[in-house]
Amino acid sequence: VSRRAFRLFAIIGRRGDGGVGCVRWFNNNSQKIENKSTIFNLVSAPGKAGVAVIRISGPHAADAVRALTLSSPPPPRTASLRLLTDPLSLLPLDRALVLWFPGPKSFTGEDVVELQVHGGKSVVLDTLASLASVQGLRLSEAGEFTRRAFANGKLDLTEVEGLADLINAETQQQRYQAFRQMNGELGRLYDGWRSTLVQCLAHVEAVLDFGDDERLDDDIIEHVVPKVRALIAEHQRHLSDEGRGETLRDGLRVTFAGPPNVGKSSLLNLLVNRPAAIVSAIAGTTRDVVEVGQDLGGYPLVLGDTAGLRSDSQDLIELEGHSRAVSRWSTSQIRILVLHANQPLPSASQVSSWGLEKKPTILVMNQADLVVSHDFLQTQIEKSRRLFVGKVDENEDNDEEVRVLSLSCVSREGVDELKDSLKRVASNILMGQKRIDKNHQNVDEKRSDQEMSESPSLPTLTRARHRLLVQQSVDSLHLFIENVRDVEIAAENLRMAGLYLGRITGKVGVEEVLDVLFRDFCIG
């Protein structure tokens, strides 16, 4: 690596300084984005790889090609193998594929060049250093390529957020949701609502401009009010999704709880296929919450192992572990209560003393391999059913009986059944029951990306920002209905509703949102 490359003081791949695929100047003075400047940076993941992609965007992008290849850019959207040389020393850097995307038909809407070089550290840093020596070029800020795409109308704000989610997606369902949003489904929904509001506002404004008085006539009310009522219904339907989109982005919280030494940690390790939690024959080994992410059938789960529940402990650390277990239980979407199949079941008063305010989703009789007879195991299952009758929120079969799973972490018997139950519960929460077929198979796993992209289901809210602004929009529409006879107030409420929807897609007043969004991640 050349000394000049080191003098860049660049940091590659530290999320705190720009995120995956971002190189930034190592100083405290953030450069302001200037749309007339030409920027460059690594846009592929850092580290050794077969190929690394460096993007150049701006009016001097073609000059950068001439400086490094001593020739003009290749034909648009055509890959051309070129020798890259350092403009100052004329020493060779690498043989690379050069692609030329003249604006506005590019990712940013500007002239764009992409260099596909070999992904070694020296090649990447020396190529970046050579680009820095070209007049008019500078390293990009975090997320600046995408910010320019937004500024030039190539992406709206929901599509930018969808792109960020797609980059961070770890499961199939997260990827599917992010792709739909990046593909513009959420933005088109809000733009459609806003277009209807503009039509309604035009009718109301006509009365303000040309009416004899400041009261809406019956003809305007007949045309405008039904449309607004329909929009209110659509808004409310959109809001009544129980937070599915946000939950899918962040992962379903699953908590294992139960008395000490019933095998909660062993069960978690079995599900994630690694020793994530310490397992010991000593009761009370787990004191804190152990969280592990897991992809189960395309659904993102955040599994949490917790301290054993007991009401008779005087140990301050154990009591704190109990408190954290109860807290994790109460904030989880899926709750698994684990009991020992070969030990006496807890009494109703003991269960009550645990302080689990919310009810279990799945009951697991663990360590079934220790049970001496099948009849005894069935007796334990029936007792546990009677113990928790009326204490279970839902079960997969939607019948009146409590569903109890028997399981052995040693023989792995019952583990697949537990996974199927988790898939079904996750599907019920996030997608609806139709996503899981009668054989406990994820239906979406059998569908192509094209089939999934053509799904008629409405896009979901994926951020608290969206939810707040949609709620503010519907509140303004309600105020319109309440004040429909006062033309000035009615018009103002329609304008406010449209303003809130415009803020979601970035049409109006989102500068403070942009600053946070593009500072917190780097997506090329």
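**A mixed open sheet and the helices packed on it**

F101 stands opposite V112 in β7. This position belongs to a predicted model, and the two strands concerned are β6, covering residues 92-101, and β7, covering residues 112-119. Their pairing is antiparallel and extends over five bridges.

Both strands are part of an open sheet of six strands, arranged in the order β5-β6-β7-β4-β3-β8 with mixed pairing. At the edges stand β5 (80-85) and β8 (137-139); each has a single partner strand, so one side of each is left without a neighbour in the sheet. On average, neighbouring strands of this sheet are turned by 30° against each other, with direction ignored.

Helix α2, residues 61-69, packs on this sheet. Helix α2 touches β3 (38-42), β4 (49-57), β5, β6, β7 and β8, and its direction makes about 70° with that of β5. A further helix, α4 (residues 144-151), lies across β3, β4 and β8 and runs at about 135° to β3.

As for pairs between aromatic rings, the structure holds one.

The chain as a whole can now be considered. It contains 18 helices and 14 strands. Of its 524 residues, 51% count as buried. The accessible surface comes to about 25200 Å², and carbon and sulfur atoms account for 51% of that area. Among contacts between residues at least 6 apart in sequence, 67% join residues at least 24 apart.

Terms used. Residues are numbered from 1 along each chain as its sequence is written. This is a predicted model: local features need pLDDT of at least 70, side-chain atom pairs count only at pLDDT 80 or more; totals for chains, interfaces and linings use all residues. Side-chain values use heavy atoms; hydrogens and water are left out. Rings of Phe, Tyr and Trp (its six-membered ring) pair if their centres lie within 6.5 Å; planes under 30 degrees apart count as stacked, over 60 as edge-to-face and the rest as tilted. Helices (H or I, at least four residues) and strands (E, at least two) are DSSP runs, numbered from the N terminus. Buried means under 20% relative accessible area, exposed over 50%, partly exposed in between (1.4 Å probe, protein chains only). Contact means heavy atoms within 4.5 Å. Accessible areas come from the Shrake-Rupley method with a 1.4 Å probe; for residues, only the protein chains shown count as cover. Two strands pair if DSSP finds at least two bridges between them. Axes are lines fitted to C-alpha atoms, for helices over the stretch in contact, and angles run from 0 to 180 degrees between N-to-C directions.
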